[in-house]
Amino acid sequence: MLRIAVLVSGGGTNLQALIDSSEKEGLGGGEIAAVVSSRKDAYALKRAEAAGIKGYVLSGKGLTTDEYGSRLCELLENEVKPELVVLAGFLKVLSAGFCKKYENRIINIHPSLIPSFCGDGMYGLKVHEAALAKGVRVSGATVHFVDAVTDGGPIILQKAVEVHEGDTPEVLQKRIMDEAEHILLPRAVRLFCKGALSVKDGRVFIDENKAEE
Ligand code: GRF
């Protein structure tokens with residue numbers, strides 16, 4: 001089994017989607033080996049515990065981005081030994097060193113169609129507030145590999161979701177989670193675990209034969 005570390009900071013509905021998917025159709029030969037939270041009170045840790053997955057807390061209090069990256073590397077190398085790192089609502093910025101070490105092995109989910117409404121400071125409800133302020137008719141979600149540029153790495157999958165008249169940021173967030181995020185993230189993890197993803201010149205290629213196996 002290919003070992004997956006899932007990094008979280010909050011409610012963990014994307015983690016739950018991965019857990020559910022792994023129980024139903026499997027993760028393409030991957031298993032969630034551990035969950036690491038940047039906050040000790042994250043509900044995602046309870047979801048991990050309920051699923052029998054080992055949880056760790058690594059708070060960033062008083063640490064620089066580089067120091068946090070080093071601690072995270074140590075924790076993962078000593079305790080988890082993951083082949084894939086999934087960011088599922090993880091709110092810490094990862095150091096350039098960490099991104100380099102796990103190049104093309106870190107997957108993030110972002111709740112918009114990148115390159116719209118992404119980058120530094122664009123997280124949580126802020127993304128949906130910006131989309132509504134712009135008056136877009138569709139938004140959606142993007143799963144991508146992580147590099148040192150916030151939300152800048154190669155795109156793996158995207159899914160569009162309609163914006164409705166009268167949507168609030170909360171309503172749009174929920175629709176995007178239900179219709180896009182919770183479907184795309186397990187799908188991308190499955191593709192990775194099956195060895196169906198490759199990156200060339202900053203673009204992701206999907207090997208359809210491997211994807212269907
Ligand atoms: C999701 O919208 C995700 O795309 C974003 O943060 C949110 C986390 O939600 N990066 P959850 O913790 O998975 O419920």
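This is a predicted model: local features need pLDDT of at least 70, side-chain atom pairs count only at pLDDT 80 or more; totals for chains, interfaces and linings use all residues.

I then asked for the volume of the largest pocket, and got about 840 Å³. In all, 37 residues line this pocket, and G89, F90, L91, N108 and Y123 are the closest to its centre. Sorting the lining by class gave me 16 nonpolar, 16 polar and five charged residues.

**Entry 1: the ligand.** Where does the ligand sit? I found it in the largest pocket. Two elements give two or more residues to the shell around the ligand: helix 1 (13–24) and helix 6 (169–193).

Next I listed the residues around the ligand: G10, G11, G12, T13, N14, G89, I109, P111, M177 and E181. G89 had already turned up among the residues closest to the centre of the largest pocket. By class, the shell holds three nonpolar residues, six polar ones and one charged one.

Entry 2: I looked up which atoms pair up here. On the backbone side, a polar atom of G11 is 3.4 Å from an oxygen atom of the ligand. A polar backbone atom of I109 is 3.3 Å from a ligand nitrogen atom. For E181 the side chain is involved, with a polar atom 2.7 Å from an oxygen atom of the ligand.

How much of the ligand does the protein bury? Taken alone, the ligand exposes 360 Å², and the protein buries 87% of that.

**Entry 3: the second largest pocket.** I moved on to the second largest pocket, with a volume of about 150 Å³. Its lining is made of S38, R39, K40, V57, S59, G60, K61 and K92. I sorted these too, and got one nonpolar, three polar and four charged residues.

Entry 4: A general point I jotted down before looking: most residues other than glycine have a negative phi, and most peptide bonds are trans.

Which peptide bond did I note as cis? The one from I114 to P115, with omega near 20°. I placed P115 in the loop between strand 5 and helix 5 (125–134).

Then there is K81, a residue other than glycine with a positive phi, near 50°. I found K81 in the loop between helix 3 (65–80) and strand 4 (84–87).

Note on methods. Residues are numbered from 1 along each chain as its sequence is written. Side-chain values use heavy atoms; hydrogens and water are left out. A residue is near a molecule or strand if one of its heavy atoms lies within 4 Å of it. A polar contact is a pair of N or O atoms within 3.5 Å; within protein, one must be able to donate a hydrogen and the other to accept it, and residues adjacent in sequence count only if both atoms are side-chain atoms. Accessible areas come from the Shrake-Rupley method with a 1.4 Å probe; for residues, only the protein chains shown count as cover. On a 1 Å grid over the protein atoms alone, a cavity is a set of points where a 1.4 Å probe fits but cannot get out, and a pocket is an open set with protein on both sides within 12 Å along at least five of seven lines; lining residues have an atom within 4 Å of a point. A molecule sits in a cavity or pocket if more than half of its atoms lie within 2 Å of its grid points. Helices (H or I, at least four residues) and strands (E, at least two) are DSSP runs, numbered from the N terminus. Ala, Val, Leu, Ile, Met, Phe, Trp, Tyr, Cys and Pro count as nonpolar, Asp, Glu, Lys and Arg as charged, and the others, Gly among them, as polar. Grid points are joined across faces, edges and corners, and a volume is the space filled by probe spheres set on the points.
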